Amino acid sequence: MRYESLSCHREERVMIIKLHNNGTCYADPAQVANELNEICGTIYPDPEIQVVIISLDQAEPPTDMDLGQTVLSLDPGSDNPLSWAVPVSKLEIPVIMSINGYALGQALELALACDIRFASFASTFGLPHIHNDMIPWDGGIQRLSRLIGKSNAMEMILTGQTINGEEALRMGMINQLIDDKELLPKIMKMAQKMAQKGPVALKYTKEVVQKGLELTLDQGLSLEADLYFLLHTSSDRTEGIKAFQEKRKARFKGQ
Amino acid sequence: MSAFETLIYEKKDHIAYVTINRPKAMNAYNIQMRDDLYQILSAIKDDPDVYVVVFKGAGEKAFCAGADLSEFLTAPSPVAARKIRWQRDVWGLFLSIPQPIIAALHGYVLGSGIEIALCCDIRIASKNAKFGLPEVALGMIPAAGGTQTLPRTVGKSKALEMLLTDEWIDGDEAFRIGLVNHVVSDDKLYDYATTMAKKIASHNPVALKIAKQAVVRGMDVRLTEGLYLEKGLATHLSTINKQQPKT
């Protein structure tokens, strides 16, 4: 498939997806949704990809934002075909979001569906739906309030006001602020380092953290132990421990 | 009064001090320590004379640098290992201790070390502390509750960053993300922890246990159930207080 709203390439075991824009607006939301769905569908079964980076580079504030009036016709029981967050949230491997510039509306909702978020100092964040008599619909309300707490989330959603990088960092919406020229190189370095770790361990870690937060602590601890012992059957764990004992680099096979 | 190979247990003025004591091995957690810890925690849980607990590490290098990997790959089978894990559920016991627990953290606080710290209620770190979870680098995941306790302490995003990257953070960064309550200079660590323990121990021990219980259990249920629990526990406490007037 040829992608138009995004481009992607691999650097070793890391896949980078760059979202395109037209200067003043994000690409056509339906097309982005379609293409993200497609690319995530190819990443999911690919054993060679260990980490995904999604890069948003939006220097100008979007002037023509489709805040999703079309979703009103959605069947609440089915997956939203316009969603950017759903296909990304289904990936088992770590997903890092790189934000340079404006992450507003659905773009921020996409970022919230990733595991780790980094942004440049000049970035701006917001869920402006209320200005159009709408509410966020791509997981933004649920994920934002869980991430930065009820009070901060309420303020952003009810006022529709944007916040800057410093505020986003303080609230815990993003993990780190990085100089814009250094942003992607630094994230790539981290992703490459991550891709050297045990591939099954990375996936299980993500799974047990995400599922665990939906469980009681006791249930979460049980899940952790079960996945830990399941890993006892993997050759990667044996390799990881032997490599440490023999003071050499581990060679993981992802099994 | 200590008869343990890997831990020192002391008690003074209603404060229990548990010192992880394998300084030559950077206080690495091993099977012997699991058994010692199980015994000590069981004793603390049932001791009405202990109002508050302080955990610390012996030596200058580490609070606890992780699990002792020389003992790994020795388990007979995953099935047997899982059975042993639940036979003596030391982490479940740790998280069920009714008294407040303070961790005084210095040097390496890695793997099992950070997980022990996360089983405590209040964490104080020295500036030189280094926190990290290196499990994924070894092809495994944490197994002392870290995947559950860390996100509940610092949030999903920061937790995943630490768990997935194996990048270590220092005391100041740990304070910024809410992993520790206070960060102090290296030489002030034990004074700070002891002062706080004394302050806590000056309060009604039953009220302390009930306050801890209300927070810990309340975090695990929906708000309406948490409010109900809080009301019930407060009523219970005031009944006890009426029966035993302040001396």
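This is a short chat about a predicted model and some of its local features.

Colleague: Start with the open sheet in chain B. What is the strand order?

Modeller: The order is β4-β6-β8-β9 in chain B. That is four strands with mixed pairing.

Colleague: Which strands are at the edges?

Modeller: β4 (62–64) and β9 (169–170) of chain B. Each of them pairs on one side only.

Colleague: And which helix packs on that sheet?

Modeller: Helix α4 of chain B, residues 112–119. The helix touches β4, β6 and β8 of chain B. Its direction makes about 85 degrees with that of β6(B).

Colleague: How do β6(B) and β8 of chain B run, parallel or antiparallel?

Modeller: Parallel, with three bridges joining them. β8 covers residues 130–132 of chain B.

Colleague: Let's zoom in on B:V109. Where is it?

Modeller: B:V109 is in strand β6 of chain B, residues 108–110. B:F131 in β8(B) stands opposite B:V109.

Colleague: Is B:V109 buried or exposed?

Modeller: B:V109 is buried, because its relative accessibility is 0%.

Colleague: What does B:V109 contact, leaving aside neighbours within four places in sequence?

Modeller: The contacts are B:F63, B:C64, B:I114, B:A117, B:K130, B:F131 and B:G132. Take B:G132: it is 23 residues from B:V109 in sequence. Their C-alpha atoms are 6.7 Å apart in space.

Colleague: New topic. Why call helix α5 of chain B largely enclosed?

Modeller: Seven of its nine residues are buried, so the rest of the structure largely encloses the helix. The helix spans residues 146–154.

Colleague: Which residues of α5(B) are buried?

Modeller: B:G146, B:T147, B:Q148, B:T149, B:L150, B:P151 and B:V154.

Colleague: What comes just after α5(B)?

Modeller: B:G155, with a positive phi of about 90 degrees.

Colleague: Is A:D133 buried or exposed?

Modeller: A:D133 is exposed, because its relative accessibility is 74%.

Colleague: Now the hairpin. Which strands form it?

Modeller: β1(B) and β2(B), with two residues between them. In the turn, B:D13 has a positive phi of about 50 degrees.

Colleague: How many bridges join β1 and β2 of chain B?

Modeller: Six, in the antiparallel sense. β1 covers residues 7–12 and β2 covers residues 15–20. B:L7 has B:I20 in β2(B) as its bridge partner.

Colleague: Last one, the surface. Which residues make the nonpolar patch of about 310 Å²?

Modeller: B:V215, B:V216 and B:M219. B:V216 is in helix α9 of chain B, residues 205–218.

Colleague: Why does B:V216 count as partly exposed?

Modeller: Because its relative accessibility is 38%.

How values were computed: Residues are numbered from 1 along each chain as its sequence is written. Chains are lettered from A and ligands numbered from 1 in the order in which they are written. This is a predicted model: local features need pLDDT of at least 70, side-chain atom pairs count only at pLDDT 80 or more; totals for chains, interfaces and linings use all residues. Side-chain values use heavy atoms; hydrogens and water are left out. Patches are made of residues with over 30% relative accessible area and no salt bridge: like charges are joined within 9 Å, nonpolar side chains (Val, Leu, Ile, Met, Phe, Trp, Tyr) within 5 Å. Accessible areas come from the Shrake-Rupley method with a 1.4 Å probe; for residues, only the protein chains shown count as cover. A salt bridge is a side-chain nitrogen of Lys or Arg within 4 Å of a carboxyl oxygen of Asp or Glu. Buried means under 20% relative accessible area, exposed over 50%, partly exposed in between (1.4 Å probe, protein chains only). Contact means heavy atoms within 4.5 Å. Two strands pair if DSSP finds at least two bridges between them. Axes are lines fitted to C-alpha atoms, for helices over the stretch in contact, and angles run from 0 to 180 degrees between N-to-C directions.
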